[in-house]
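Trainee: Please take me through the structure below, and set each value against the definition behind it.

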Protein chains: 2
Amino acid sequence: MIDPTLQKIAWHLTEGRNIVILPHINADGDALGASLALGLALRSMGKEADVLVEEEIPSNLDFLPGQELIKSDSQKTYDIAVNIDNGDITRLGGRERFFHSSRVRLSIDHHATNKVIADYSYVDTGSAATGEIIYDLILNYLKADMDKDIALCLYTAIVTDTGGFRYTNTTSETLRICADLLNYDIDFPYVIKKVFDMISYTKMKLMKQTMNSLLLFGNGKLAVSYLTLKDIKNMKVRSDDYEGLVNIGRNLEGVEVSLFLREELDNQYRGNLRSNDYVDVSKIAEKFGGGGHKRAAGFNITGKLDEIIDDLVSAILPEIRGVD
Amino acid sequence: MIDPTLQKIAWHLTEGRNIVILPHINADGDALGASLALGLALRSMGKEADVLVEEEIPSNLDFLPGQELIKSDSQKTYDIAVNIDNGDITRLGGRERFFHSSRVRLSIDHHATNKVIADYSYVDTGSAATGEIIYDLILNYLKADMDKDIALCLYTAIVTDTGGFRYTNTTSETLRICADLLNYDIDFPYVIKKVFDMISYTKMKLMKQTMNSLLLFGNGKLAVSYLTLKDIKNMKVRSDDYEGLVNIGRNLEGVEVSLFLREELDNQYRGNLRSNDYVDVSKIAEKFGGGGHKRAAGFNITGKLDEIIDDLVSAILPEIRGVD
């Protein structure tokens, strides 16, 4: 099935000579992997392709092939600009001017919130990663050759955005594409290790502290854990270091609901709720002025930690027992 | 490509009426998932199929469909016995007699060490999981219908033995099969959560203790952590609770070698070594009378903990620095 917009995009890329590829700021494995894969394919077609990025490549993505295409700035004028994996053109940061000053502006993305205006904009929200679209573009529209380097970039893009094929966005097509990419003899266990397993020393300390704080209620069905400002005193914590700490409680055998509280300002806490099987935590979050989904919700709350925990445990236990 | 042994196996299963399916003791996701998938397919063909198991189904596999096929004992005489995912017939435990007393003895496995003697024994070491072989058997030999329940069992089998597509045994064919299984609308994120993410409270305590013990040497390139008998005093630890603790150090950003020491008897330690990129830890393990592979090795050592750590750090640091 040939998509007319992708066909136009491929036509312009084939006609162009100087192409600039622009992933969103704080480029992750999908943005960077998809960009480098496209850049490598275009280079193999005899094009000049630059991948312009805003910041240094994070250490967990420094293994990606095609790093020689990456530049932090450029004096060139480009025929073609391609916005990649980015639903909001202001998220190009200082590189937005390269998009607007190019003769033809193209955009390829998979975010439902995409509002980019371009000469040709292709958004496929059914693709788990922009890397899936680039795979299709390279093979079926540009008719370029797939090779080991391009396959490694695309595999990285796709595992990043699917959490290693664990998120619900993973489709049969996702696995079919990766089945093909594995034919190129890529070192996929290394990719997984770099993208998912590596954590900072700070993150490990936060995990340890979260485990130390963990309390069980309701015959082990409710796990409560927290981090206070005192706990993180003198630590350089990046915002993504906090990610997933609520899952320490959720992943304990027998636990149905996990509550994780993080003190953001003095006596002001951000609460995160997760459930495993049957409790609708969005209802609990709403009682405290927050919201979310059945299995993941959040809220803000002010007060003393022990009183907050008392209030929340009292609100959560009836939901676990199925009594209101 | 039709395999003559699998064809014979399918012929006997098609001819048989009473079939007993026998996974290895301590059945894991592959053994149980493959057994239940085969049992469900045979039942859909009008056969009587029992899956005999030695022990209770572990709580992380209690979601598998087809639990009604599972029995812990039987008074029946069976036409056909099928040994599943088991390379050593004594690993059927008390159920070995069902194998020997059946009219036709079949065996399906993927372990290179397989030494089972049966009327027809199929071993494919290229399959990441026995579940892959059962998928092939059901669709291409038995010509039975795939359905959501069978797909869920096979998906569980395959993700279990590939660590969620992370181990090197994962092939293009592995992903192709799972791409097909996802077409049956299975709740795969739930499977992943049950099989991989759930940990016991005891395991969490061991992880916390391991993190507490963790020391970095060589500018953060060597992580050393340990568990002593004192640490696990009064705890009911299952042997699999120790699994993966060495990876806490390995997964820290910047770490090249992780050493994890576990006191098994008074002053007697089991040492585990992992490396990320370049150190051959088998060479280090050999110096201490052990062995293994480049990236994973082990050894036994006796002595006082602080002296053991001193000796090992002295042996490991030159390898990290590339000096001998």
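This is a predicted model: local features need pLDDT of at least 70, side-chain atom pairs count only at pLDDT 80 or more; totals for chains, interfaces and linings use all residues.

Trainee: Which residues of α4(B) are buried, and what follows the helix?

Mentor: The buried residues are Thr130(B), Gly131(B), Glu132(B), Ile133(B), Ile134(B), Tyr135(B), Leu137(B) and Ile138(B). A residue is buried if 20 or more other C-beta atoms, placed from the backbone, lie within 10 Å of its own, exposed if 12 or fewer do, and partly exposed in between. After α4(B) comes Lys143(B), with a positive phi near 55°.

Trainee: Why is Val255(B) called buried?

Mentor: Val255(B) has 23 other C-beta atoms within 10 Å, so Val255(B) is buried. Val255(B) sits in the loop between α9 (246-250) and β9 (257-265) of chain B.

Trainee: Which residues does Val255(B) touch, leaving out those up to four places away in sequence?

Mentor: Val255(B) touches Gly220(B), Lys221(B), Ala223(B), Gly249(B), Arg250(B) and Asn276(B). Contact requires C-beta atoms, placed from the backbone, within 7 Å. Ala223(B) is 32 residues from Val255(B) along the chain, yet their C-alpha atoms are 6.5 Å apart.

Trainee: Why are α4(A) and α5(A) described as roughly antiparallel?

Mentor: The axes of α4 (residues 130-141) and α5 (residues 148-162) of chain A cross at roughly 150° and come within 7 Å. These axes are lines fitted to C-alpha atoms over the stretch in contact, with angles from 0 to 180 degrees between N-to-C directions. Angles over 145 degrees count as roughly antiparallel, under 35 as roughly parallel, 65 to 115 as roughly perpendicular and the rest as oblique. The two helices are therefore roughly antiparallel.

Trainee: Which residues make that contact, and how do they divide?

Mentor: From α4(A) come Thr130(A), Gly131(A), Glu132(A), Ile134(A), Tyr135(A) and Ile138(A), and from α5(A) come Ile150(A), Leu154(A), Ala157(A) and Ile158(A). They divide into seven nonpolar, two polar and one charged. Nonpolar covers Ala, Val, Leu, Ile, Met, Phe, Trp, Tyr, Cys and Pro, charged covers Asp, Glu, Lys and Arg, and the others, Gly among them, are polar.

Trainee: How many residues does each chain give to the contact of chain A with chain B?

Mentor: Chain A gives 29 residues and chain B gives 29 residues. On the side of chain A, two or more residues come from each of α6 (172-181), α7 (188-197) and α8 (201-213). The largest share, six residues, is from α8(A). That side holds 15 nonpolar, nine polar and five charged residues.

Trainee: How is chain A divided into domains?

Mentor: Chain A has domain 1 (4-197) and domain 2 (201-321), with bounds from an automatic or database domain assignment. Their centres, taken over C-alpha atoms, are 36 Å apart.

Conventions. Residues are numbered from 1 along each chain as its sequence is written. Chains are lettered from A and ligands numbered from 1 in the order in which they are written. Two residues are in contact if their C-beta atoms, placed from the backbone, lie within 7 Å. Helices (H or I, at least four residues) and strands (E, at least two) are DSSP runs, numbered from the N terminus.
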